[in-house]
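Please open the structure in the viewer and keep the selection tool at hand.

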Amino acid sequence: MLSCLSLLLAVTSAVQATPAPHARPHKRARATTVTPFVAPIAPVAALEAGAQALMFAQPDIAALTVQAPALAMAATDLQMAAYSLSVAPVALAAPELFWSGDDGDDADDEVSEPTWPDQTQADVADSAYRAARQALNNSQYTRAAELFSGIRDKYPKSIYVPNTYYWQAFALYRAGSDDNLRDARTSLKTQTDRYPKATTARDARVLFGRVQGELARRGDPEAAEWVSRQASTAAPRTPVAAAVPATPGIMAPTGPVIAGAPRVRGGACDDDDEDDIRISALNAVLQMDPDRAVPLLKTVLARRDAGSTCLRRKAVFLLSQKRTDETSSLLLKVVREDPDQEVREQAVFWLSQVPGDETVAALDSILRDPRTDPDIQDKAIFALSQHNSTRSAAILRTYAERRDAPEEMREKAIFWLGQRHSPENADFLKSLFTKVENEDLKDKIIFSLSQMGGADNYRWMMDIALDPKEDIEIRKKALFWAGQGRSVDVDDLVKLYDSMKDRDMREQLIFVYSQRREDAALDKLFAIGKTDPDRELRKKAIFWIGQSRSPRAAQYLQELINQ
């Protein structure tokens with residue numbers, strides 16, 4: 001492993017070079033007159049954020065469709081970044097809830113904060129709201145529902161009243177009984193009727209869809225009728241006029257992809273409430289009657305009107321959850337025909353989660369098509385890496401050998417082969433090393449073999465390090481990764497220094513010794529620091545001795561200072 005201090009130095013430098021963030025003003029509701037004795041109402045935002053996180057503990061289709069491909073694909077970049085650091089914050093932001101009222105002078109103020117001229121209900125309701133929040137956070141859902149309802153009974157003028165309907169419904173939804181779900185439905189309907197501009201109105205619409213879907217799955221006729229109606233609006237029987245016509249059989253976009261050229265994307269889907277409700281309905285149908293859901297999803301995915309893009313992105317995920325003989329072919333059809341780049345990319349990603357030879361064959365056809373967009377190829381390579389089959393590994397090996405394939409894509413195929421610890425992949429990578437001339441590809445092959453581990457692979461890396469015909473940088477990297485494996489005996493590494501004539505390789509060996517924990521490696525650094533005729537190499541050895549936590553290193557440095 002790399003020295004903790006060297007990494008700390010790099011991180012410290014980066015932090016020191018980073019300017020302090022500026023305070024970001026919060027969007028607030030209209031200013032109100034509050035006496036100094038009134039308790040602050042800041043816990044509202046905290047409660048909303050906490051309950052929002054609780055809600056996302058339930059599978060959120062919109063979040064899954066957007067985040068899952070990005071997070072999964074980030075594995076390559078994160079591990080490659082670790083590799084780059086060794087040889088030379090993903091932040092999950094909680095959803096922000098905004099006050100829905102306009103700040104203009106003539107804005108509607110149905111749920112704006114009232115003015116409390118004296119110590120009145122506002123601060124008392126705040127304590128009740130805190131108690132309800134605490135019960136919700138502690139998974140005491142029945143108790144939380146009672147407390148939120150009690151706020152309306154005791155403090156009808158409180159600013160918390162509009163949102164109590166939502167939080168009560170949320171608690172009842174989590175409680176989960178049939179009666180709880182029906183009461184949750186009633187609470188959400190009441191909020192919609194009385195407080196349509198409540199700050200939780202948008203979340204309430206999504207929650208209502210989930211409640212109805214669960215009730216429909218349990219046989220509630222009212223909910224089943226609602227689900228059927230909403231699902232029908234997502235997949236209308238009357239064909240919708242296409243905004244961007246698809247060309248059957250052609251990998252969209254057609255023709256060669258020009259670097260920097262804009263791709264067809266449908267924009268963000270963050271505020272598409274109606275789509276969320278329809279997807280909730282389609283998901284409910286999928287749970288109740290899968291045979292009926294698949295034709296509905298096919299109809300949704302066939303839509304080409306401008307307003308259907310976000311709906312199609314979410315429908316791709318639902319389709320991947322229904323394992324049928326045609327799932328792979330339907331997703332492949334989306335990859336080839338959908339005009340939206342993100343829909344196509346997500347279809348490829350979700351193919352990684354659909355098992356079977358048909359899926360692997362579909363991914364192979366995507367890689368073989370010369371018109372395939374590079375981003376689609378990238379996700380196809382990742383998807384194949386998730387299929388633990390002999391055929392998928394063979395496809396990745398074939399792609400890594402292709403001289404006509406983009407170098408970056410070949411590197412990623414090599415990377416994912418290195419994540420499968422198989423003798424076939426190891427032998428293939430060693431053979432490929434002798435065939436490629438590109439130094440970056442050789443570099444990635446060495447790294448992938450280091451990830452597999454094993455005495456044979458480390459010995460092969462040592463052979464590369466000792467080969468004078470290889471480029472010096474390749475030799476240094478092979479030596480570094482070989483030194484990271486405990487399969488290479490430290491005594492062999494120590495003996496190598498005196499026989500090594502190349503100064504760059506000697507310098508690399510000093511670094512390799514610094515990464516080992518055996519006494520023999522530290523002893524060799526002591527010897528180099530004292531007797532090596534090259535002054536610069538002595539300085540480097542002493543530097544790395546200074547990074548050691550061994551008491552012997554401290555004693556050595558003290559003796560060196562006292563000379």
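The model is predicted: local features need pLDDT of at least 70, side-chain atom pairs count only at pLDDT 80 or more, and totals for chains, interfaces and linings use all residues. Residues are numbered from 1 along each chain as its sequence is written, and side-chain values use heavy atoms, with hydrogens and water left out.

Now display the whole of H24, residues 503-515. Of its 13 residues, 10 are buried, and H24 is mostly covered.

Next, select Asp364, which lies in helix H15 (residues 357-368). Is Asp364 buried or exposed? Asp364 is buried, with a relative accessible area of 10%. Leaving aside residues up to four places away in sequence, Asp364 touches Arg391 and Ile395 (contact means heavy atoms within 4.5 Å).

Finally, select helix H7 (residues 178-194) together with helix H8 (residues 201-217), which pack at an angle of about 150° with their axes 10 Å apart. H7 and H8 are therefore roughly antiparallel to each other (angles over 145 degrees). Among the residues that meet, show Leu181 and Leu188 in H7, and Leu207 and Phe208 in H8. By class, this contact of H7 with H8 has 9 nonpolar, 2 polar and 5 charged residues.

Terms used: Axes fitted to C-alpha atoms, helices over the stretch in contact; angles between N-to-C directions. Helix = DSSP H or I, 4+ residues; strand = E, 2+ residues; numbered from the N terminus. Parallel < 35°, antiparallel > 145°, perpendicular 65-115°, else oblique. Nonpolar A, V, L, I, M, F, W, Y, C, P; charged D, E, K, R; others polar. Expected span 1.5 Å × (residues − 1). Buried < 20%, exposed > 50% of the residue type's maximum accessible area, 1.4 Å probe, protein only.
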